Amino acid sequence: MQIFVTGGSGFVGQHLVRRLVREGHEVRALARTDSAADLVGRLGAEPVLGDLADLVNDTPPQWTSALRGVDAVVHGAAYMAFWGRNDVFRRANLDPTVAFHQAAASAAVPRFVLISAASVSSGSQRATVVDERTAQGRPNVAYSRIKLETERILLSAVTPTMTTVALRPPFIWGAGMSTLDDFVAAVEAGRFSWIDNGKHTVDFVHVDNLAEAAHLAPTAGRAGRTYYVTDGTPMPARDFFTPLLATRGVDVSAAPSVPLAVAAPLGALLEAGARLLRRPEPPMLTNWITTFMGRDSGYDITAARTELNYAPSVSLADGLAEMADSLSH
């Protein structure tokens, strides 16, 4: 197959490109810069110089010609942050994605795979185990609200020659992850605390397991469907983050704990104050943190297993060993 990938130079995208190339697919990868083009080229993809932001102009950019003859698109590029206004994420993520989806349909691409986020069901939705039939409620961060809006627009779009599916990964982890940096910085600054001693369930997906699902989605899965994709091993936050942070030489086994009954109203107060003052950086405690670390949250991946033939292969032990090994060299 010939597959067009966005976000190929990023954390998830690099793993996906490697997997697709290893499986014998021809990969074209959109690259905004020469350095990104060089990176995806070294991974075995054909670089396509261009920017998704160009799609919101009246004239389609020249790079969209690279969509012709493609069997599937995997769209993973996105601006990700757990702080910011809706309009920021609409401009950065929603508008270019909707335009890209239309461009792919116009180029007669048969399948469009959107890498969305499991956090579309965080916030006002309180179920402890979520599947694709669970009502999402209202996510409590703009990134997730716009991801949900993007899903709804793309999955309901009338594209007779192109089908669309969306993957919903939760916390993505693995060697090379940058999202761990904020946790490490909080520990080093003395600002890290468990909520309820880290007893609440968190769910997560290793980057190679997500790449496996994204590799399957171009030819499997039902049109218009969303699929939660995890490692299939939700566990208490303490049991996951303690060994994860230990791969960076950080010990949180004796970190203090705050009751959720204290953390939740405090996070809401601090967030409201920061928004009122239009601060560009989030406060030390936010609604998203108290949701992620203070509520039991797991995702049922039965649909991904049965309809995508997805089977997570990288275990927590294997992934942690790889992280520890990568940092020792």
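Residues are numbered from 1 along each chain as its sequence is written, and side-chain values rest on heavy atoms, with hydrogens and water left out. Because the model is predicted, local features need pLDDT of at least 70 and side-chain atom pairs count only at pLDDT 80 or more, while totals for chains, interfaces and linings use all residues. Helices (H or I, at least four residues) and strands (E, at least two) are DSSP runs, numbered from the N terminus.

**Salt bridges**

- Across the whole structure, a search finds 13 salt bridges, a salt bridge being a side-chain nitrogen of Lys or Arg within 4 Å of a carboxyl oxygen of Asp or Glu.
- In helix α2 (residues 34-42), aspartate 38 and arginine 42 lie four residues apart, about one turn of the helix, and they form a salt bridge whose closest N and O atoms are 3.0 Å apart.
- Aspartate 38 is partly exposed at a relative accessible area of 44%, whereas arginine 42 is exposed at 60%; here buried means under 20% relative accessible area, exposed over 50%, and partly exposed in between (1.4 Å probe, protein chains only).
- A salt bridge also links aspartate 181 with arginine 248, with 3.0 Å between the closest N and O atoms.
- Since aspartate 181 lies in helix α5 (residues 180-188) and arginine 248 in the loop between α7 (237-246) and β14 (257-258), this pair ties together parts that are 67 residues apart in sequence.
- Aspartate 181 is partly exposed, with a relative accessible area of 36%, and arginine 248 is also partly exposed, at 31%.
- In helix α8 (residues 260-276), arginine 275 and glutamate 271 are four residues apart, or about one helical turn, and their side chains meet in a salt bridge (3.2 Å, N to O).
- Of these two partners, arginine 275 is partly exposed at 33%, while glutamate 271 is buried at 6%.

**Helices α3 and α4**

- The axes of helix α3 (residues 86-106) and helix α4 (residues 142-156) come within 9 Å and cross at roughly 25 degrees; axes are lines fitted to C-alpha atoms, for helices over the stretch in contact, and angles run from 0 to 180 degrees between N-to-C directions.
- The two helices, α3 and α4, are therefore roughly parallel to each other, a description used for angles under 35 degrees.
- Residues in contact (heavy atoms within 4.5 Å) include Phe89, Leu94 and His101 in α3, and Tyr143, Ile146 and Leu154 in α4.

Definitions and conventions:
Angles under 35 degrees count as roughly parallel, over 145 as roughly antiparallel, 65 to 115 as roughly perpendicular and the rest as oblique.
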